[in-house]
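Here are my notes on the model. They are set out as numbered points for a colleague who has the coordinates open.

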Amino acid sequence: MSDTMAGQSAGQTENLSTKSGANRSLWGDVRYELVRSPVFWISSILVLVILSMAFFPQLWAQTSPNTSGACPLQNARVKPSADHPFGFTNAGCDMWASLVWGTGKSVIVAILVTAGTVILGVTFGTLAGYLGGFADTIISRITDIFFGLPFILGALVFLAIFPERNIWTLTAVLTVFGWTSLTRVMRGSVISTKQKDYVDAARAAGASDLFIIRKHILANSIAPVIVLATIGLGSFIGAEATLTFLGVGYQRPTVSWGLLVSEGQNLALAGFWHLLVFPSAFIVITVLAFILLGDVLRDALDPRTR
Amino acid sequence: MGRYVARRLIQFIPVILGTLFLLHLLSTLTIQVVGDPVRALFGENAPPAAVIDQMRADYNLDDACLEQPGNPCLGLFVDRLGQYAGGDFGINFRGRAVTEMFIERFPVTVRLTIIALVFETVVGILMGVLAGLRKDKFADNFVRFFTVALVAFPTFVFGTLAQLFIGLQLGLELRNSDWAPDWLGQMLNVGYNADYPWLSLVLPGVVLGSFSLASIARLTRTSLIENLRSDYVRTARAKGLRTRRIVGIHTLRNSLIPVVTYIGIDIGLLLGGALVTEGIFNIPGVGQLVWLAIQSNDTPVIIGVVTILTIVFLVANLLVDILYAALDPRIRYE
Amino acid sequence: MRVKTPLRVTAVSAVLALGLAACGGGDGDGENGGDGATTPDAAASPTGQPGGTYSAELTEPSYLAPASNCYESECSAVLKMVNDPLVTTDFESGELIFDGLAESIEPNDDQTVWTVTLKDGRTFHNGEPVNSDAFLRAWNYSANPKNAQATAGFMARIDGAGKGKEMAGLKKVDDTTFEITLSGPFSQFGSMMSYAPAFAPMAQECMDDLKACNEAPIGTGPYMMDGSWEHDKGITVTRWADYQGEQAAQADTIEFKMFTTPTAAFRDYQNGGLDVLSLAPDVYLEAKGQLGDKILEEPTATLTYLGFPTAKKPYDEVKVRQAISLAIDRQLIVDQVLNGLAKPSTDIVTPPIPGSRDDACDYCTHDPEQAKTLLEESGVDAEGMTLEYYFNADAGHDQWVEAAARQVQETLGFDYKLNATEWAQYLELLDAGNFEGPFRLGWSLDYPSPENYLRPIVGTDGDSNYTEYSNPEVDELLTQGDQAGSIEESYDAYHQAGDIALDEMPIIPMWSGVTAIAFSEEVGDVRYDVGDGEIAFGEITVTQ
Amino acid sequence: MSTSVTESALAGGSTDDDVVLEVRDVKKHFPLTQGIVFKRTIGHVKAVDGVSLTLRRGETLGVVGESGCGKSTLGRLLMGLERPTDGSIKVLGQEMAGLDNKGMRKMRRNIQIVLQDPYSSLDPRMTVGDIVGEPYEVHPDVVKPKERRKAVQDLLDVVGLNPDHINRYPHQFSGGQRQRIGIARALALKPKIIVADEPVSALDVSVQAQVVNLFERLQDEFGLSYVFIAHDLSVVRHISDRVMVMYLGKAVETGDEHEIYDGPTHPYTQALLSAVPVPDPRLRGQRDQIVLEGDVPSPANPPSGCRFRTRCWMAQDICATEEPMLVNRDGSAHPSACHFAAERDVVHAVDNPSVIEGTTSDNV
Amino acid sequence: MSETLTENRKRQPRSPLSGVKFDDSAPLLEVENLQVEFHTRDGIAKAVQGVSFTLNAGETLGILGESGCGKSVTAQAIMGILDTPPAKVTGGQVRYRGVDLLQMDEKTRRHVRANKIAMIFQDALSSLNPVFTVGWQLGELYRQHAGASRKEARAKAVELLEMVGIPAARDRVNDFPHQFSGGMRQRVMIAMALALQPDIIIADEPTTALDVTVQAQVMALLADLQREMQLGLILITHDMGVVADVTDKICVMYAGHAVEQANVYEIYERPGHPYTKALLESIPRVDQKGEELTAIKGLPPALVNPPPGCSFHPRCAFARDRCKTDEPPLYQLPGNRESACHYWEEVLNS
């Protein structure tokens, strides 16, 4: 066998791990990689903070802006002060409390959509990739059809159906237009996994299709989906803001980052900079945290980048 | 190549029919669930029933199926397809043909999209190459961070800020100054200026393109890094070629293949994004048309324009696929 | 008549009102329109010379021709420049002013047959004479349901309207005289005819090619189209050299420019590309910060109110309705949410309207204590009860409805739920009477009379009575007012009717509008015409 | 053992109790489709086109040929990974074609596979214990769950791996060790037959010998029968009792190891053997060197008659018209599919070496 | 070689090589004590540790070894195409006609690469750029190094393809690499290596991916061309058979060290290093049935942390205590051969 350069370094790594990291599993390698990455630490701490805000807002701000009396109108647009370092919103609510309590609406949608797209993408992608043939053709064409509707335009038409915009309708629309890319990625990944010899070996041992999908295909195909999903999670948060700006997203009295930003963008220019800066910062930091986390995960999961 | 194109063309037909049907379904459902857009035109005080009926008939909204939620209105769909085939995408509530309105405005959107595409591909590829060649160095981290930050910033916020601080402050300064050339001030305008059909779209184009900049830069970076490790780069080096040539010709051509694929997807994002950008910058393009139609509840326009845009997007994708085949001979001779 | 243009993202522009034409008082001589004395806020607006060109912001109109399809302020703003009215109404006295195309308008004794005599020698821009045929042509077209004209309702009172090509009640006497026979007596028909678009004449050339006419209307007014309508971009009108009428026309050319958003318009203004614009709430604060007092702020005749489904619990209790009204701090909402661009209501009738009062509404003040007391007296327990508020989505109502709902919650303890509904669906719910709680509606005048507010909203058969409120006493008082011999007498009756309605509160008036207009240093004599609900574009002068 | 495989196969059902695998005229044609809307079958890739073989207990049958000759497809057919287009495969006397899923699963206990690539044949996300024990999950009745760990450790021991490494992952092993893991997995169900598809070609020379020796030891220990598929003629000679040479989906020559290597009668076998370099510089220029020109024709459109004729220096008109059967012939005491079969020693040094080139034009 | 190719060479515009004084009397290529390290996450891997050999015109040198032994790194270090980082040449000399290539500036080195030393790689499919035609890739050499026009370059490409025996070369220049068969692709690689008439060709496992009959074709072609043009050929392979067939002398590498060097006949007859001996005994032969193979126990060592002393000692049948501590020098053996084994005499005589 030739030892090309890439082969050479790969060979070394292999030999090394046999020696020095004898008890390190594949995931152990990933862990090893992650633990050493400062980006991983920063982004995952941020993600944890954001998630805790989403699910336990009371930990970060006691009163919800939707509590009776929480938003005296007299305070509308009051700028940051020592007591209220983030100032007050246009509705007179404490900005910090609004951001914290709005995290849920923005982030939970993104999480639900991610979950939905992953479930759909993995299911359809696996079916199309593994079964091939007619099932593949049908699923691929359906994917193309949904893909054919440009996202924002499709969302506009779609959201017009729902008189009420809440977590569920937003989740539905983002999922409907978001599942296609994951399906395509999963399909490609499954096709390449399906051709691996260990799948043949399992079949030779008499394993059923279901067994093979469960044991081999899913575990070995899902890495690119996970990575794409974290990046998607970030962009769905941004999508909520854009849809809200276009008037088809959340509506009051819901508190969400998108609402705060689209409300703040005009007022910021009237001198109330804090109405735009803080919500924007929350969105940017969150999206950044998720995308960077996806980045380090990909680097760690993808042996090619090592 | 011919066969590849033919196959893509044939695959295109069920997809476009399916997409149009999906759109039809959504719009039908909207009318069934939300209510009759004709009635909405007249506000609280309903006009004589005869007037409403006449308008419903004019806009093909008098089909009984539109009052049965869940009914897919297949008959209407077939009618619509027939009209689409004849280039008729309906009329707006003021009797103007959607097709005509679209054609009038489409060139502006095309120009905007081209500027955005050129900006995002040129800058994106440059950034990607820079990051790929300086992997894990400062330049790489900078590019990664910067582009992600752009993604995270909602376009409408970015657009507003660009319009205000670049267009209205820097740009106005330039336009009012004696020394700055005219084109420079126009390039940084607050909105569209028909006298400068390209220049005045530069700032909005950059705003529009900045969202996809990240994806292109990242795609280029990843595939460049991958290709730089490939055997044929080693061969090129063994041939005694200059590094510039190895990166610029041998590697980049291969690295652009995923970028081209992405551009196909991106056209859809741009067409959607043009909605926001044209709204903010008051650009008389197709996006603005949709924006205005949403404001005035002009359902036929929304459906008609989105339908045309969907067709445009699918056709653009088809072209990109063919371009893809031109770039990658392995596909061509499949 | 009124239109609530279903604006979404733009929120409500300040030009909501659609008025029956009522040219500013004493503004009889068009050429002298800019003499400053008629401009209430002249101080803010220097006077310029006739001639010159300026640009103004305009929202895309729906139709320019046939004029009978014009049912909102956008088109009427343009048509007012391009068309002469038939007649106008004095805003203060309610008298007809013949500064338009009509020489005289005379009803018969029982107000069923009206005779219109036209001024001699007036022509359309294309030279066609403005004669009886031009009017019959236009009105018959409008009344024909086949043509689905938006203002067809104005014709409804004419005998034979909506029954075919020609109305039986319309009869040409000679070239300058025609007779209108109504299907029943109606004393206000003369005032009604001052709604110019609905009663405009139409040139034969226009009738022959309505499409072309829509792009470049052939009118009778002081301005004529300069080129054709550039949809969503602009409309330019220039002064008609041969104009013989009396409407104001100062500038030589007016460029109406259209913008996607009010913000975009303001940016263009900042950029020096726009001379006159109405400031939407979106940009008002920013503009106020930059322009300060240079902004012209004028009250409008637009009323915003919350209606109650009076047949449903707990709104069937008058005291609950009163309590809710008292719980709302209108001034605070106006200041903090509407940025001062409104005036808290003291009456159902808006302040610019003759016969309006500034102390009529006892329950329009903010009095939490009394509110609580009234609620207690009503016996309704707010505990665990949720009030559902309704408003049309994306029109900028969400903030104030929420603020009001919060105040009600804080004072009375009702929880709240906000239902933002698409316009089309909102209307369906409205038509079907399916609202379960307070719903937002607006009202703007058709003609300057208290009757025009009271009858539609609180009258039993009111066009806009969606509250199911019915009080024979109110109806009776309104009829009394209608038949009163003088305007003062009629006001007495109307005021009594208003007092009852304000006491029983089927609706709670919130505020009347204030418009804010920004203009560049290059224009002067900017005036808001409350009757038109528009800036008086014809009076604007160019200073440089 | 000089009996013709084909003969016994054609005789229809061997009565020989020792026969563990019997393949008769098996074919695998992959359809070639064309068409944009509806796929039309415009031809077939005849990957395996009528191959028969018999394998006896404890015997090793080597299958050699160049890439594209169909030997791997044959292996997959034997394993039931592909369904044959035609022909019969009997494992321990049981016909494979008629089996339902359950029967097939049962049958698989008797025949197992070892694959070429030691990297892709092991699931990187499973531990060695899981990989080797996977057959027990599929066939839960073979070993009780509690005893599986022990069974797996025994297997690792058998193939020369440290049983303590049961919890390690494949990437922690070298190529040779991984191939041992693959062999352990194949042994788990105690099969009678192992189909080994290029089991050592990915290994370094120094490790290759270890694995070849392991194969031989296991055969002795467990009485296994091997179908040993490889392109390395030296390794095949070393391990095989009998050898089958394949070209374009057909067997062109079969026989005992020494018959094939010392007296090949088919020109293709001769060319193949002569091309194998011998690690002995003294033989340089001393051997018959047959350099074939051109490439293997497409299996979708094989030449008429004898498939080798396009590259054969001995081809005559009859070769284009009449397909030579795989039978014993005048010039060949073992089955050879050549009209002009004649023995020729190409692996040993000869007095008068010559270079005979192919006669065909190059078709690439 | 065709007339035009030679002409072209003369016409070549001011090559940076004109400033370099090559000594035509010096050996074609001398590698002396070459050291290459790789900086990996886990430490420094000494991929090549003191490899030396000499190659004369018309001579074929075989570098024999298993994967990871450093033979390809050696070749790439000679070519100067190692990825730096992670690789780094830390010592030694590579002299072409007496001039040390490692001291050259990159520009001159690049010209040496194109004009003097060429390389052929194992996997021709991945070593050719998939998106350019074969003709374009061949012609590029002429366009970049000889200033040829597109048309000229194309004509030359056709000539080259004909020379390496590709039928219908005129049409096939327009084909893409994936349209060629494996053997034909390797011929294209050979053509590319020969394009600018180099003196040395380094063939890194040129036939490993090929079938035996194709391997025979390619090796025959390579041998013919080498003889014809009096090239110095370095053949890197793990195949003992191929080496035996074509080389003049052999350098055996193990774990970055050249453990044995000798004339091809001597090495096969009487190996002077236990590793060479074990290798020869572990391979089956096509011309003999043979008995059980003698396998080499254990695995090659990791390069980052090699065993002390002789790196082969854990696997060596001859190893004693001394081997675990003392790294053996290259002993000069009788007959101008070298072996890095303390007990070379014992090995020779066993």
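1. Conventions. This is a predicted model, in which local features need pLDDT of at least 70, side-chain atom pairs count only at pLDDT 80 or more, and totals for chains, interfaces and linings use all residues. Residues are numbered from 1 along each chain as its sequence is written, chains are lettered from A and ligands numbered from 1 in the order in which they are written, and side-chain values use heavy atoms, with hydrogens and water left out.

2. Chain B. The secondary structure of chain B consists of 14 helices and zero strands; helices (H or I, at least four residues) and strands (E, at least two) are DSSP runs, numbered from the N terminus. The C-alpha trace of chain B spans about 85 × 60 × 30 Å along its principal axes. Chain B has 334 residues, of which 61% count as buried (under 20% relative accessible area, with exposed over 50% and partly exposed in between; 1.4 Å probe, protein chains only). Taking contacts in chain B between residues at least 6 apart in sequence, 71% join residues at least 24 apart; contact means heavy atoms within 4.5 Å.

3. Chains E and D, extent. In this interface 45 residues of chain E are in contact with 46 residues of chain D. The two chains bury about 4000 Å² between them, 58% of it on carbon and sulfur atoms; this is the accessible area (1.4 Å probe) that two parts lose on being put together, summed over both. On the side of chain E, the residues that lose the most area to chain D are E:Thr213, E:Val286 and E:Lys289, together 18% of what that side buries.

4. D:Asp280 forms a salt bridge with E:Arg285, their closest N and O atoms being 3.8 Å apart. Helices α9 (212–229), α10 (240–246), α11 (264–269) and α12 (274–282) of chain E each supply at least two residues of the side that touches chain D. The largest share, seven residues, comes from α10(E).

5. Chains C and A. Here 28 residues of chain C are in contact with 28 residues of chain A, and the two chains bury about 2200 Å² between them, 46% of it on carbon and sulfur atoms. On the side of chain C that touches chain A, α12(C) gives the most, with eight residues.

6. Helix α11 of chain C. Where do the buried residues of α11(C) lie? In this helix (residues 368–378), C:Ala371, C:Leu374, C:Leu375 and C:Ser378 are buried. Seen down the axis of α11(C), they fall within an arc of 100°, so they line one face of the helix; the arc is that of the directions from the helix axis to the C-beta atoms. What covers them includes α9 (318–327) and α12 (398–412) of chain C. The face turned away from the buried side carries the exposed residues C:Glu369 and C:Glu376. Just after α11(C), C:Gly379 takes a positive phi of about 80°.

Terms used:
Salt bridge = Lys/Arg side-chain N within 4 Å of Asp/Glu carboxyl O.
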